[in-house]
Amino acid sequence: MNKLFSILLILMMGAHLVRPLGLPGLRKRGDFWKIALVGMLVFGVTVLLRTE
């Protein structure tokens, strides 16, 4: 699941650089770093919630 999520994030960041997504907070091309920040937070939460 983490691999699928990371590929999805990379595709979203690339698409945002080509044409901004237009979502609140993601209206400029330079805002692609916010997608990466959300991805890092999600990965951090999954690491904390793992039972292994």
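Is H16 buried or exposed? H16 is buried, at a relative accessible area of 0% (buried is under 20%, exposed over 50%, partly exposed in between; 1.4 Å probe, protein chains only). The model is predicted: local features need pLDDT of at least 70, side-chain atom pairs count only at pLDDT 80 or more, and totals for chains, interfaces and linings use all residues. Residues are numbered from 1 along each chain as its sequence is written, and side-chain values use heavy atoms, with hydrogens and water left out.

H16 sits in helix α1, residues 2-18 (helices are DSSP runs of H or I, at least four residues, numbered from the N terminus). Neighbours within four places in sequence aside, H16 contacts L21, L26, K28, R29, D31, F32 and I35 (contact: heavy atoms within 4.5 Å).

Helix α1 packs against helix α2 (residues 32-49) at about 170°, with the axes 9 Å apart. Axes are lines fitted to C-alpha atoms over the stretch in contact, and angles run from 0 to 180 degrees between N-to-C directions. The two helices are therefore roughly antiparallel (over 145 degrees). From α1, the contact uses N2, F5, S6, L9, M12, M13, H16 and L17. From α2, it uses F32, I35, A36, G39, V42, F43 and T46.

One aromatic pair is counted (ring centres within 6.5 Å). The ring centres of F5 and F43 lie 5.5 Å apart and the planes meet at 75°, so the pair is edge-to-face (over 60 degrees). F5 belongs to α1 and F43 to α2, so the pair ties together parts 38 residues apart in sequence. F5 is partly exposed at 26% relative accessibility. F43 is partly exposed at 27%.

Key:
Parallel < 35°, antiparallel > 145°, perpendicular 65-115°, else oblique. Phe/Tyr/Trp six-rings, centres within 6.5 Å; stacked < 30°, edge-to-face > 60°.
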